[in-house]
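I opened the model and kept notes as I went. The entries follow in the order in which I looked things up.

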Amino acid sequence: MTTVIKGGTVVTADLTYKADVLVDGGKIIEIGEGLSGDTVLDATGCYVMPGGIDPHTHLEMPFMGTYSSDDFESGTRAALSGGTTMVVDFVLPSPDQSLLQAMDMWHNKSGRASCDYSYHMAITWWGEQVFDDMKTVVQEKGINSFKHFMAYKGALMVNDDEMYASFQRCAELGALPLVHAENGDVVAELQAKLMAAGNDGPEAHAYSRPPEVEGEATNRAIMIADMAGVPLYVVHTSCEEAHEAIRRARQNGKRVYGEPLIQHLTLDESEYANPDWDHAARRVMSPPFRNKKHQDSLWAGLAAGSLQVVATDHCAFTTEQKRYGVGDFTKIPNGTGGLEDRLPMLWTHGVGTGRLTPNEFVAVTSTNIAKILNCYPKKGAVLVGADADLIVWDPEAEKTIMASKQVSAIDYNVFEGKKVKGLPRYTLTRGFVAVEDGTLKAQEGHGEFVKREPFHAVNKALSTWKELTAPRKVERSGIPASGV
Ligand SMILES: NC(=O)NCCC(=O)O
Ligand SMILES: [Zn+2]
Ligand SMILES: [Zn+2]
């Protein structure tokens, strides 16, 4: 049974042209004019684009004494409803747990996914077993990226020596290290100081994580990655200090990627001053929301190419869960949602305002991500042979974001009341029509695990350069006798 998307304009990261797209067996089989198929999807007035890829989600994440409330079932349904057709989640091994066992646990959870998914592996502790498991994870299990938390002291945080060891291992295996870049030691000190002064509300969360802690850690991670000879991906880049470090590194030839979140691009720190405790606590995430100066920096980075992708870090906690932190802001579970709103919000505030072109929109929501994570052109492309993960995007469709109408399992939405213009008319996940005329028809269990190969061209180029410039002993004849 073939499906044809007819009458639309194909928009990719680098081309815009009128064409029909024919799909069969979950793949794109033909692109051209005048195509026909068994099922016809009308794309008149719409853009046909690669489905969104969210490179940063935490579905059913064990964190801060609870679990994030969207799991692979509700989370991937939310994703599809907003035009995202692949999510990349984080496997989080417990202390001393093998990476392989942790990955099995994630596979048990992800069986309910209705769109495709992949994983990053988190390095949450260090030892011989982790060193050995990393090889199996890369060479046999299809994961080529490893996350390092430089914050959350006493929980997920790793120290510089562990990070350097892991980065070197990534270099050997052709993998990509990721960092949550905040100085966890300084954050812990600031948290204690604020609490001691009676500053226990959600606004203190933002005071405990100023841009400097992020800028410092981003610089440090970049230098450590350079010494280890690996590329680096910095997650949830939220401020000019971190962006400046990434920009400077890239200008110096370092292979560093930066990932702003849709929340940081469109919401600001004034949210924490809201007199309603729940309102402010629902927006507690790390790094916190920043001011307009930082937002402008992130938008400029996307346009300039110094920042490459837009994610959500979707980690949704209910109001009840957020209230674990009443009287102690350090106990408010960190995280916000955004999976179903990322594309409409970015289109509205990016393309709708002229800060991004439609092609740049595709690049930062899909194609760049697939390229960096090494699953392009299976994902992130409108090409013959690519997976038919596609959105038929209606630039005129409008809605007001409301928790009461969302797919996500939580009881509020950080974008509540925002008007968006630009929504999926159809969302296809490997050819299956999961959003039809704006109505969600996702199929539980349809999602498949996407294996990603190591040794991206960037890893190869970097290791070639490192080998060429490695320290070499100078062979000398006629060494003088020791002066002792
Ligand atoms: N970002 C956040 O606050 N929660 C999710 C975990 C993380 O990415 O740091
Ligand atoms: Zn993080
Ligand atoms: Zn995260």
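**Notebook: loops, a helix pair, a ligand shell and cores**

I started at Phe455, which counts as partly exposed because it has 14 C-beta neighbours inside 10 Å. The scale I used: buried means 20 or more other C-beta atoms within 10 Å of a residue's own, exposed means 12 or fewer, partly exposed lies in between, and C-beta atoms are placed from the backbone. Phe455 sits in the loop between strand 20 and helix 15 (457-468). Its phi is near 55 degrees, a positive value in a residue other than glycine.

I noted the ground rules next. This is a predicted model, where local features need pLDDT of at least 70 and side-chain atom pairs count only at pLDDT 80 or more, while totals for chains, interfaces and linings use all residues. Residues are numbered from 1 along each chain as its sequence is written, and chains are lettered from A and ligands numbered from 1 in the order in which they are written. Helices (H or I, at least four residues) and strands (E, at least two) are DSSP runs, numbered from the N terminus.

I looked for another positive phi and went to Asn374. Its phi is near 65 degrees, and Asn374 is not glycine. Asn374 lies in the loop between helix 14 and strand 17. Asn374 counts as buried, because it has 20 C-beta neighbours inside 10 Å. Pro377 is also placed in the loop between helix 14 and strand 17 (390-400). The Tyr376 to Pro377 peptide bond is cis, with omega near 5 degrees.

**Helix 13 against helix 14**

Two packed helices are described by the angle between their axes and the distance between the axes. I read off both. Helix 13 (residues 342-351) and helix 14 (residues 358-372) pack at about 145 degrees, with axes 11 Å apart. Axes here are lines fitted to C-alpha atoms, for helices over the stretch in contact, and angles run from 0 to 180 degrees between N-to-C directions. Which residues meet? From helix 13 I listed Leu343, Leu346, Trp347, Gly350 and Val351; from helix 14, Pro358, Phe361 and Thr365. Contact means C-beta atoms, placed from the backbone, within 7 Å. The residues of this contact divide into 6 nonpolar, 2 polar and no charged. For these classes, Ala, Val, Leu, Ile, Met, Phe, Trp, Tyr, Cys and Pro are nonpolar, Asp, Glu, Lys and Arg are charged, and the others, Gly among them, are polar.

**Ligand 1**

I turned to the shell around ligand 1. His58, His180, Met285, Ser286, Asp313, Cys315, Asn334 and Gly335 surround it (C-beta atom, placed from the backbone, within 6 Å). The shell divides into 2 nonpolar, 5 polar and 1 charged. I followed Ser286 onward: its peptide bond to Pro287 is cis, with omega near -10 degrees. Pro287 is in the loop between helix 10 and helix 11 (292-304).

**Cores**

I then asked which members of the largest nonpolar core touch the most others. Of its 133 residues, they are Val21, Val48, Ala221, Val234 and Val392. A nonpolar core is a set of buried Ala, Val, Leu, Ile, Met, Phe, Trp, Tyr and Cys residues joined through C-beta atoms within 7 Å. Another core, of 9 residues, lies apart from it, and Met285 is among its members.

**Helix 1**

Is helix 1 enclosed or open? Helix 1 (residues 72-81) is largely enclosed by the rest of the structure, because 10 of its 10 residues are buried. Its cover includes strand 8 (52-57), strand 11 (84-91) and helix 2 (99-110). Just after helix 1, Gly83 takes a positive phi of about 95 degrees.

I checked Val91, in strand 11. Val91 is buried, with 25 other C-beta atoms within 10 Å. Leaving aside neighbours within four places in sequence, its contacts include Ala102, Met103 and Trp106.

**Glu269**

Last, I visited the loop between helix 9 (262-266) and helix 10 (277-282), where Glu269 is placed. Glu269 counts as partly exposed, with 17 C-beta neighbours inside 10 Å.

Conventions. Two residues are in contact if their C-beta atoms, placed from the backbone, lie within 7 Å.
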